[in-house]
Each structure stands twice: as structure tokens, then as C-alpha cells.
Amino acid sequence: MDEAPQDISALTYEQALKALEDVVRRLESGEVALDESISLYERGEKLRAHCQARLDAAQARIEKIVAGPDGVPQGTRPFDEGA
Amino acid sequence: MLKRTVEDRFGHVRLRGELSGVKRAASGHMYCALKDENAVIDGVMWRGNAGRLAFRPEDGVEVIATGKLTTYPGRSKYQIVIESMEIAGEGALLALLAKLKAKLEGEGLFAPERKRRLPFLPRTIGVVTSPTGAVIRDILHRLGDRFPSHVVVWPVMVQGQGSAEQVAAAVRGFSALAPGGPVPRPDLLIVARGGGSIEDLWSFNEEIVVRAIAESTIPTISAVGHETDTTLSDFAADLRAPTPTAAAEIAVPVRQELMAMLDEYAARQRRGVVRPVALARERLISWSERLPDPKTMVEAQGQRLDDLTDRLRRGLAGRAEQARRALAESGGGLRPALLQRHVVQLRRDLARVPDPGVLARKRVGEAAQALAALSRLLPQLNPYAPLERGYAVVTDPSGHAVTTREVAAMQSGLTLRFGDGTLDVTPGDSAPPAPRPRKTARRSSQDDPASGQQSLF
């Protein structure tokens, strides 16, 4: 419970997963007071949801650089379109 | 006529030979000669083509030159106008490679401490490779299998003239992308090319590519050729993948595994939080059951109270009875006659004691008689009685009686006691010594008048 819950969104997937791992270990150890274990669980759920969101957001989006006449990329377009 | 014949007859030619007499003119054109064991031909490379050369032409390097044959009428010579030129022979290439590697290594471009950690889960992956061919397909396919990702492909030529420049430009281009621009900035780069000969992979040994990769601001995986092929790009990259497919595997974790891990954590933390609650509930129940029934408690206490009340009453009655009995026993002997009898006895004992007054008076009488007898005797024993008849007692100054002449002669003074008083006399014929010590005392006090007290001694 070192970080406040609102910090979770700033965590990378790896950090969030590590934090979740820590929460689970502490809950499993049974050393946490009952009241605290509830808030710990809430935090664990938020961490899990954050990780889940990162995984769910993953989708194949393949793009190709469209370069301008000077070779500087101006944008992208779908990779397979007209390739 | 000759010119046309030569140019028509030998339109495009490929020549293999050793470079000699390489000369770069100020105009940018390059002049040289190509020779083998028994022939030589002049060559020229115009500025545009010469600037695109992938290597620095030097004397002694064996090359394959492609170009057109033409004549140079001014010197009555024919020559080759070289359009492209590449290094021929693996030995020559490897020597060049070793030289460049040593140089870049010396600059620290391949140092292990330059290697960066790859992101665990890249949000966007930039791929520098040919847009056609199996390599990009392999990468996209493997990425899709493991973790569908956002991929931005920077299409380049991976072989032939100009490919090195394109690859380098692409790597630098990705590096230069600003976050939030029209093109998403990748957080991981893959520079990839399929397998091929050392000449095919040569672009990835070019200094320009190696430097671009080494200077990339984005962590870079190089995946050039097959497992056994190693290019300088591999040394410069943060990680070398043996194949393009392997690069995709290195780039992303398997999403399914991550999902499974998350699910497992979720289940474990649910168990972790539920189990203590269940345990606590069980414990509460078991302790509650051990609480005694309040009704039984009250009944038992009531019974005990009744019992004690009963015993209290019985106890009080018993004790009173016992006290009464004791009183009757001791009260029986308490009668006046008993006391009276005792008094009579004491009075009788008292009467038997003789009168102490009689005894005392008798003893006083006896003592008075003894005293009178002694008083009569006393005057006869007075030592001074004879003095009345003319005797005298001689004493020394300290008052002791002097009974012999010898003792008397030794005294400084004597006292004679008569019946009516005393007389001090000096014995014999010597003068009285008494004034002498008194004079001495006075003299010493004159000598020291300040301390009269001390001087007396």
C-alpha cells in the first residue's frame, strides 16, 4: 500500500504485475489484518484490471510509413493497402 | 563509326578486376583502371554514381563493375563508364569487414554497457525491412500469434546499391520521431533481413547502418540473415535475434500466458482475502458455542444461594446453642460462698504474721545501749588528750607525725601541736631554706615580664 491507488494508471504492465504479485503474496501470507486485507484486495483488483486493460488493448494494427518527397515520414497507412 | 560500333556491340558489360590508379577528381568523378593478370581497361565513374558507392574504392580491391563501353576519341582509347561497382570475392570483403569492425569496436560502439533493456511490452514496434517478401510476413505472423501489436513498417531496400542508405535513414527516421506526432513513435525497433550470401547482407555491415543502429534512441533488435550469419549491425544492436521470427518472439511476450498469469493472480488474491474471513467466521462460531447457557448459569447460582442461605441459618442457630451450653458450664461454679471462704483463709494467714514494730523497737534499743557504751570509752582514746598535760605532737610540713630525731633533722620545717594550738619551728642548726626558691621565682619573672604566668615554672 505504498502507492496511492490513483498511481496505478501510471504503472507499466510490468510494474503493475509486480505490484499485483506483491498484493497476492501478502494476502496469502495471512499476516495482513482483516480490515487491511479488504483494501489490499481492492488495490489488487485495480492492478489486475489495469494489466487486463493493457492486454485487451493489444490488437494487431499494421501500418506502413508514408514518406514525403524529402523522405520525412508524413503519416502511415495500413500495411496491406496497395502494398 | 568506331564509337557507335563499340557502344552498340558492347552495350552493357560486367567486368571483374582489380582496381588500380584510383583517382577522385575535384569534380567528383572517379577515374581508375581495372586489371587482371593480362589485361587492363580504363574506367570512369561519374559523380552521381561514384557518390553512391557503398565502399571506398582503393587500389588493390577486387571489384565487379557494371557499365557501358565507350570510346574516348581524344586519346584514342576505349574505356568503361561504370554505373555500379561492388566488391568481389569473400576474402576481400571479410578483410574489409574485419577492418571496419575493429574501428567501430575501438570507438566503443559495440560495448556491452551501451546495450539497453528491451521493453517488456512494447506499445508500438517499428520494423525496418523490405515490405515485400517473407521476412515481414514472418514477423507479423509471429507477433500476431504471441501478442497482436501495433506495428509500423518502414519499407526499405535491404540489398543492392542504396540499400544501406535507406536502412540507415529508416533507423534514424524512427529515432527522430517525436512522441505524439502523426506517426506513432515506436518503443522497440526491429531491423530485419532474410538470409543470403555475405554480399547480399553487406548493407548491414555498412558503417552508415551500423552507426545508425548504434545511435538509435529506441532499443533495437537486429535480425539479419540466418542464425549463422553475423553482421556488424548485430553487434551494434541492443539485442541480436538469430532470425526475423526470433526477433518477433523476443519483442513481445505471449499474451495468453500473461492472461493466464493474471487470472491466476486474481484467483489467488480472491482466495487470499476470502480464506481469512471464512477462518475468522469459523473461529467465531466455535467460540460462541463454548459460551455457557445464561439460564443454566443463573439457575446454578440460585441453587448455590439457597444452599448458603440455609447453611447460614443453621449455622447461626447452632452457634447460639453452643454458646449457651458453654455459659451454663462456666456460670455454675460462680457462687459468693466460694469467694468468702477464700477471704476468711487470707485473713487467718495475715493474723499469723508477727508485728514488725516490736522487732524494730527491740533492735533500736540494743543499738542505743551499744552507742552509749562506746561514747563513754571515746574520751579516753583521744590522741590530743595528753597534750593538755604537757605533751606535743611533731609533724612535718605535709602533716605526717614525726616520731624520730633522724626524720625531724631531714625536714625543712616542723610543726609543734600543743593543747591550745600549733607552732612552726625550724629543726637544728641550719638556716631555713624556704625563702630561696621564692627569690628565684621572683627573679625569673623580672627577666621576662611579658609572660609572667609562664615564668613561674
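Me: Why is A:Gln52 called buried?

Reply: The relative accessible area of A:Gln52 is 17%. Buried means under 20% relative accessible area, exposed means over 50%, and partly exposed lies in between, with a 1.4 Å probe and protein chains only. The value of 17% therefore makes A:Gln52 buried. This is a predicted model, in which local features need pLDDT of at least 70 and side-chain atom pairs count only at pLDDT 80 or more, while totals for chains, interfaces and linings use all residues. Residues are numbered from 1 along each chain as its sequence is written, chains are lettered from A and ligands numbered from 1 in the order in which they are written, and side-chain values use heavy atoms, with hydrogens and water left out.

Me: Where is A:Gln52 found, and with which residues is A:Gln52 in contact, leaving aside its neighbours within four places in sequence?

Reply: A:Gln52 belongs to helix α2 of chain A. Helices (H or I, at least four residues) and strands (E, at least two) are DSSP runs, numbered from the N terminus. Beyond the neighbours within four places in sequence, A:Gln52 touches B:Met259, B:Leu262 and B:Asp263, where contact means heavy atoms within 4.5 Å.

Me: What makes A:Glu45 and A:Arg48 a salt bridge?

Reply: Their closest N and O atoms are 3.4 Å apart. A salt bridge is a side-chain nitrogen of Lys or Arg within 4 Å of a carboxyl oxygen of Asp or Glu, so the pair A:Glu45 and A:Arg48 qualifies. The two residues are three residues apart in helix α2 (residues 34–57) of chain A, which means that about one helical turn separates them. A:Glu45 has 22% relative accessibility and therefore counts as partly exposed, whereas A:Arg48, at 17%, counts as buried.

Me: How do you know that B:Asp42 forms a salt bridge with B:Lys77, and what parts does the pair tie together?

Reply: The closest N and O atoms of B:Asp42 and B:Lys77 are 3.1 Å apart, within the limit, so the name applies. B:Asp42 lies in strand β3 (residues 39–45) of chain B and B:Lys77 in strand β5 (residues 77–87) of chain B, so the pair ties together parts that are 35 residues apart in sequence. Both B:Asp42, at 27% relative accessibility, and B:Lys77, at 39%, are partly exposed.

Me: Is B:Arg314 buried or exposed, and with which residue does B:Arg314 form a salt bridge?

Reply: B:Arg314 is exposed, because its relative accessible area is 52%. Its partner is B:Asp310, with the closest N and O atoms 3.1 Å apart. B:Asp310 is partly exposed at 37%.

Me: How many salt bridges does the rule give over all chains?

Reply: The count is 22 salt bridges over all chains. A network of salt bridges links B:Lys103, B:Glu107, B:Glu207 and B:Arg211.

Me: Why is α5(B) called roughly parallel to α6(B)?

Reply: Helix α5 (residues 163–176) and helix α6 (residues 207–215) of chain B pack at an angle of about 10°, with their axes 8 Å apart. Axes are lines fitted to C-alpha atoms, for helices over the stretch in contact, and angles run from 0 to 180 degrees between N-to-C directions. Angles under 35 degrees count as roughly parallel, over 145 as roughly antiparallel, 65 to 115 as roughly perpendicular and the rest as oblique. The angle of about 10° therefore makes α5(B) roughly parallel to α6(B). The contact involves residues including B:Ala164 and B:Val167 of α5(B), and B:Ile208 and B:Ala212 of α6(B).

Me: Which strands form the open sheet, and which are the edge strands?

Reply: The order is β2(A)-β1(A)-β7(B)-β6(B)-β8(B)-β9(B)-β10(B), with mixed pairing. Two strands pair if DSSP finds at least two bridges between them. β2 (73–78) of chain A and β10 (239–240) of chain B are the edge strands, because each pairs on one side only.

Me: How many bridges pair β1(A) and β2(A), and in what sense?

Reply: Five bridges pair them in the antiparallel sense. A:Val66 stands opposite A:Gly75 in β2(A). The hairpin has five residues between the strands, and there A:Gly71 takes a positive phi near 85°.
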